[in-house]
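Hi,

Here is the structure I promised to pass on. Please have a look at it first, and then read my notes below.

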Amino acid sequence: FLFITSIMSLIPISRALISVYSKDGLEPLAKLLHHYGVEIYSTGGTQAYLENLGIPVVTVESLTGYPSILDGRVKTLHPKVFGGILARREEGHLKELNEMDIPPFDVVVVDLYPFEETVASGAGEAEIIEKIDIGGISLIRAAAKNFNDVVVIPSKLSYKPLVEALEKNAGSTTLDERLSFARAAFGVTSHYDAAIYAYFQGDETFSES
């Protein structure tokens, strides 16, 4: 019974959204996704990085109909992005996605702006505030909430674990793996918000213990 349940929880990845700050270690994951025929959506610097690797990319703006605006402050915050992440893989939601021409995403790969590192560098307030990630952290939370159907990769530390999972499962993930990534994701978001809170409280020495 447990074996059957595990097999039934396997979900193949066919469409990915990748929007990361750090590209360190991303190449093996991106190439593996491409190897498995995954359609990759991306924006900005991540898009350019993937294209330089020879990996075809669909631009997020071609999906949303909007370019990146406000000096990059708004790129992915759009119903056509979040609808594709948050939709449950059930008849009603899938029907609604189809009616609205929204593609469902199976994996969301994010690495947040380096807020703590920017504070520690002694940067000025304006630069620090710009390193408060909005779109990325929203993507992480949405994908983690929908872990039943979506894989969330919340930081560069999870690039390699996803590679290992995909290699083991021939391009799919198990429910246990998706839950584990979601657990890590909420750890990332809670720590990130705590660091921002500490900064505004005047405690610039905040660090993970």
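Strand 2 (residues 15-20) and strand 5 (residues 107-111) run parallel and are paired over five bridges. Two strands count as paired if DSSP finds at least two bridges between them; helices (H or I, at least four residues) and strands (E, at least two) are DSSP runs, numbered from the N terminus. Along this pairing, Ile18 has Val109 as its bridge partner, and Val20 has Asp111.

Before going further, please keep in mind that this is a predicted model, where local features need pLDDT of at least 70 and side-chain atom pairs count only at pLDDT 80 or more, while totals for chains, interfaces and linings use all residues. Residues are numbered from 1 along each chain as its sequence is written, and side-chain values use heavy atoms, with hydrogens and water left out.

Strand 5 also runs parallel to strand 6 (residues 151-153), joined to it by three bridges. Here Val107 is partnered with Val151. The whole arrangement is an open sheet of five strands in the order 4-3-2-5-6, with parallel pairing. At its edges are strand 4 (58-59) and strand 6, each of which pairs on one side only.

How many residues of strand 5 are buried? Five of its five are, where buried means under 20% relative accessible area, exposed over 50%, and partly exposed in between (1.4 Å probe, protein chains only). Both faces of the strand are covered, with Val107, Val109 and Asp111 on one side and Val108 and Val110 on the other.

Ser42 belongs to strand 3 (residues 39-42). Ser42 is buried, its relative accessible area being 0%. Its side chain reaches the backbone nitrogen of Gln47 at 3.3 Å. Neighbours within four places in sequence aside, Ser42 is in contact (heavy atoms within 4.5 Å) with residues including Leu17, Ile18, Leu50 and Val60.

Not counting residues up to four places away in sequence, Lys131 touches Tyr21, Tyr113, Pro114, Phe115, Thr118 and Tyr192.

Best wishes

Note on methods
Polar contact = N/O pair within 3.5 Å; in protein donor to acceptor, adjacent residues only side chain to side chain.
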